Amino acid sequence: MNIELHENGLDLHILITEDGDVRLLNLSEHTGEEIVDSRWFRLVEIQESGQNLDDNCGSKHTGSQPGSLLRYVSHTIKENGFGKKLELTQAWRGLTVVSHLQFYSGIRVVRSWTELHSAESTDVHPIEYLSSFVLTGLGAGGEDLRDKNHQLYLPHSSWFGEAQWKTYSLSDLGYGAFCEDEGANFSMKRIAISSTGTWPASEHLPMGSFVNVHTQHTITWQIETSGSWNWEISDVHGQLYVAISGPSEQENGFALLLKPGESFQSVPCAIALGNSFQHTIQELTRYRRAIRRKNRDNENPSVIFNDYMNCLWGDPTTAKEIPLIDAAAHVGCRYYCVDCGWYSDGPWWDGVGEWLPSRARFPGGITEVLNYIRAKGMIPGLWMELEVMGMQCPMLQKVPKDWFFQRNGKPILYRSRYQLDFRNPEVIRFANNIIDRLVQEYGVGYIKMDYNINAGIGTDLHADNAGQGLLEHTRAYLAWLDEVFARYPDLVIENCGSGGMRMEYSILSRMSIQSVTDQTDYLKMAAIAAHCATGVTPEQAAIWSYPLPNGDEEETIFNMVNAMLLRIHQSGHLPRLSAARLALVQEGIACHQSICGYLKEGVPFWPLGLGGMDSPFLAFGMDCGDTLFLAVWHVHGPKQSITLPLPGHKALRAQCLYPQDRPVPYTLNDGGLTVELNASMARLFVICRA
């Protein structure tokens, strides 16, 4: 039996053999090639402790059992609010395995996850590995040099250096050519990326991309969890595969003891398919908008002023805030967020947890400042790090230890903070009381929800293992967020984790803004701004603009261009700027507000491809149909012209959109837009096309 689904330009082909073996033969933009031996094209890999690993796999997640023992039971194809959805059920010894493949109308993305049920079993099933998605036969249609004729895009990320993609051949990453001896057409080498703990984007974004160099067929994926995850690419019996999952025992200290009557759902992932890396990112952008909680903030992506970066640095007082509030209102900010420090008379790092305002900093009370923000026509906000409690917090001795992550009977400390466990109903009540106080008593409409620790593999308190405790905690936190937004649907919550350390879409499908980075150098910020739309929709991607007190006009322009195609996170000592530089900030914000209605519907493109932190030129654009918006940066090097190829139809005219009264030489022709810039200069262009 064959299951075929042709949806949104994608071809899905699943083969059910006579004995009920289920094999995923194709999921791509093109009809799959005939496969001679499809025994290893499994729809699901699932390894249970004590079952045979039926492959010479080393550390690879191939040859799993009962993965190879599952047999087809049934399938349905339904239509829901997103598009068509395939649910395919397999079973083995009372264990039921349901594969979910959700399509999205008009979008070349499939969301995939796996569900386990033990309703028919009398045994405990100790699960060490469960795939969310597996696709075998990568790179079909090209020359058969697996190590050289395919490219892998890896999204390196770190504090101050988020979303920095690098391109490799498989051999660049140590994956060598197969041995041609009979029976040895395989490798023990895998290219495996994983993250363990509560910072899922601290080393890599939870993403990856594979490109067939000859056909340009591209598959790009994202994993949607704020906890542990992993993916790998290698070979199984002569075929390349990608396997994507949430936490596993081998990589992340997670195992599932599925007891009779219990169910479990894997971490979901999204798979975009297209004819280039850029194309798949555009499809993921559309998908991210489709799954995101509907909210007014992303429909009207206004500017946020935050007093932290290159400004007050966590030392707010009433006297310091008032002139900043006046300046933020003057330049056109919609939100004003008082960042960290408002809850402590002095140093605060290891004392956080009560979230009560400091009288020393705010003699008239925090509400005096928040009311002043509101009187200036802005929505007031406060910074929080609600998920932790410092070791010097006065509350610490008053609450039971089961409020916190524990391992081996001991609460876990990370940089003098304890991690609150959101599986605990008392922790939920505590968190709700704080949110209610901020919204109802203080009148806060914006919360910057920061998160500055990594709680490690998790908590083994009330869990079979630490990895299980972590996954349950992350899901409890998401459920709590859903409750908060049900009570306060217009409350804006910004996702932050020392910048972008938690930039992923289980949280971003709920929160409307992502703090992308804590980068303090505006020149280095350009490389982050130019690439962050690979990991988050532009209207959710908050990029700092922080003109320096001793800077010049070009520095101010560069700062503004960094953020203008994304979400402006304005900061800096605005009252200290000259009138001309303050006017440039005001012009930039007004320009952003005039085009954000286009941007929230557009898709990103990169005329120069993906650059890096050391690139002399960078370019990032938004394709909004008949209108293109394009930011170009000359970060370093001598005065130079560069031509930026433009996508789509012939361009008719171009204009330097920002700043309007400081033109630079540029021309528009069939080759694209050619711009001449000095070093440390940036400009924003608008291009109209037929």
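This is a short talk that walks through one predicted protein model, from the whole chain down to a few residues.

Hi everyone, and thanks for coming. Let's begin with the overall picture. The chain contains 12 helices and 40 strands. How compact is the chain for its length? Its radius of gyration is 26 Å, close to the 26 Å that the globule rule gives for 690 residues, so the chain is as compact as a globular protein of that length.

Of the 690 residues, 63% count as buried. The chain exposes about 24100 Å², and carbon and sulfur atoms supply 49% of that area. Contacts also reach across the sequence: taking those between residues at least 6 apart, 68% join residues at least 24 apart. As for charge, there are 55 positive and 78 negative side chains, and the centres of these two sets lie 6 Å apart.

A pair of aromatic rings is described by two things, the distance of the centres and the angle of the planes. The structure holds 28 aromatic pairs. Let me show you two of them.

Take Trp159 and Phe160. Their ring centres are 4.5 Å apart and their planes sit at 15°; an angle under 30 degrees counts as stacked, so this pair is stacked. Trp159 is partly exposed, with a relative accessible area of 46%, and Phe160 is partly exposed too, at 34%.

Now look at Trp342 and Tyr343. Here the centres are 5.3 Å apart and the planes are at 75°, which is over 60 degrees, so the pair is edge-to-face. Are these two residues buried or exposed? Trp342 is buried, at 0% relative accessibility, and Tyr343 is buried as well, at 12%. Both belong to a cluster linked by ring pairs, together with Trp348, Trp349, Trp355 and Trp383.

Where does Ser158 sit? You can find Ser158 in the loop between strand 10 (150-156) and strand 11 (164-169). With a relative accessibility of 33%, Ser158 is partly exposed. Leaving aside residues up to four places away in sequence, Ser158 touches Ser202 and Met501. Ser158 and Ala201 are 43 residues apart in sequence, yet their C-alpha atoms are 7.6 Å apart in space.

Key: Residues numbered from 1 in each chain as written. Predicted model: local features only at pLDDT ≥ 70, side-chain atom pairs only at ≥ 80, totals over all residues. Heavy atoms only, no water. Helix = DSSP H or I, 4+ residues; strand = E, 2+ residues; numbered from the N terminus. Rg over C-alpha atoms; globule rule 2.2 N^0.38 Å. Buried < 20%, exposed > 50% of the residue type's maximum accessible area, 1.4 Å probe, protein only. Contact = heavy atoms within 4.5 Å. Areas by Shrake-Rupley, 256 points an atom, 1.4 Å probe, with all protein chains shown as cover. Lys, Arg positive; Asp, Glu negative; His and termini not counted. Charge placed at Lys NZ, Arg CZ, Asp CG, Glu CD. Phe/Tyr/Trp six-rings, centres within 6.5 Å; stacked < 30°, edge-to-face > 60°.
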